[in-house]
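Here is a short briefing on one structure. Read it with the coordinates open.

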Amino acid sequence: MSAVSDPSRTVLLLNGPNLNLLGTRDPAQYGTTTLEEVERRVASLGRELGVEVVCAQSNSEGALVDRIHEARGWAGVVLNPGAYAHYGIALRDAIDAVEAPVVEVHISNVYAREEFRHTSVTAPVAAGYVAGCGVFGYELALRAVLRRGAERREAAGGAQAG
Ligand code: DQA
């Protein structure tokens, strides 16, 4: 990934497997908004809130791990891990390894679905968790990432909360 201009004011919006199909994939669970539109909305909210949003999607766990490593020192990560949430230990360890706050998003209410979706191995190391709010959850998660970052800086005696 090319260097970002100000890592401390940059948020990674990262989507996992099958989320490239948003808009046409199982609209009863995920709605009809495309990933491109989600990225546009989150980037636009980011501009309002004074951060740049870098967007990425991958169907591979290793590529998601690489992206999270690249976001070390950034303002945070909004992550929909897709099905890797339920068993992706490498992804979990990557979240745990970076100091940037990672907020996990699920578009659907995973707790109202199959039992295997009720477990998240990534949630315990995430700075927050949003599920069942549709694609609006990504915007909530961006706000939460920035809030968590501000809280951490405050706790460390650094800059004022944003
Ligand atoms: C999802 C929920 C996961 O269980 C599923 O595998 C997905 C999408 C969601 O956004 O609701 O791919 O993360």
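Helix α5 (residues 136–155) lies across β1, β3 (76–80), β4 (102–106) and β5. Its direction is at about 150° to β3. An angle over 145 degrees counts as roughly antiparallel. The model is a predicted one.

**Sheet**
- The sheet is open and has 5 strands, in the order β2-β1-β3-β4-β5.
- Pairing in the sheet is parallel.
- β2 (52–57) and β5 (128–131) are the edge strands; each has a single partner, so one side of each lacks a neighbour in the sheet.
- From one strand to the next, the twist averages 20°.
- β1 (residues 10–15) pairs with β2 over 6 bridges, in the parallel sense.
- Within this pair, leucine 12 stands opposite valine 54 of β2.

**Helix pair α3 and α4**
- Helix α3 spans residues 61–70 and helix α4 spans residues 89–97.
- Their axes come within 9 Å and cross at roughly 0°.
- The two helices are therefore roughly parallel to each other, as angles under 35 degrees count as such.
- α3 contributes Glu61, Leu64, Val65, Ile68 and His69 to the contact.
- α4 contributes Ala90, Leu91, Ala94 and Ile95.
- By class, this contact has 7 nonpolar, 1 polar and 1 charged residues.

**Ligand surroundings**
- Around the ligand are Asn18, Asn80, Gly82, Ala83, Ala85, His106, Ile107, Ser108, Val110 and Arg117.
- This shell has 4 nonpolar, 5 polar and 1 charged residues.
- Asn80 belongs to the shell, and β3 covers 76–80.
- His106 is also in the shell, and β4 covers 102–106.

Terms used:
Residues numbered from 1 in each chain as written. Predicted model: local features only at pLDDT ≥ 70, side-chain atom pairs only at ≥ 80, totals over all residues. Near = placed C-beta within 6 Å. Nonpolar A, V, L, I, M, F, W, Y, C, P; charged D, E, K, R; others polar. Pairing = 2+ DSSP bridges. Helix = DSSP H or I, 4+ residues; strand = E, 2+ residues; numbered from the N terminus. Axes fitted to C-alpha atoms, helices over the stretch in contact; angles between N-to-C directions. Contact = placed C-beta atoms within 7 Å. Parallel < 35°, antiparallel > 145°, perpendicular 65-115°, else oblique.
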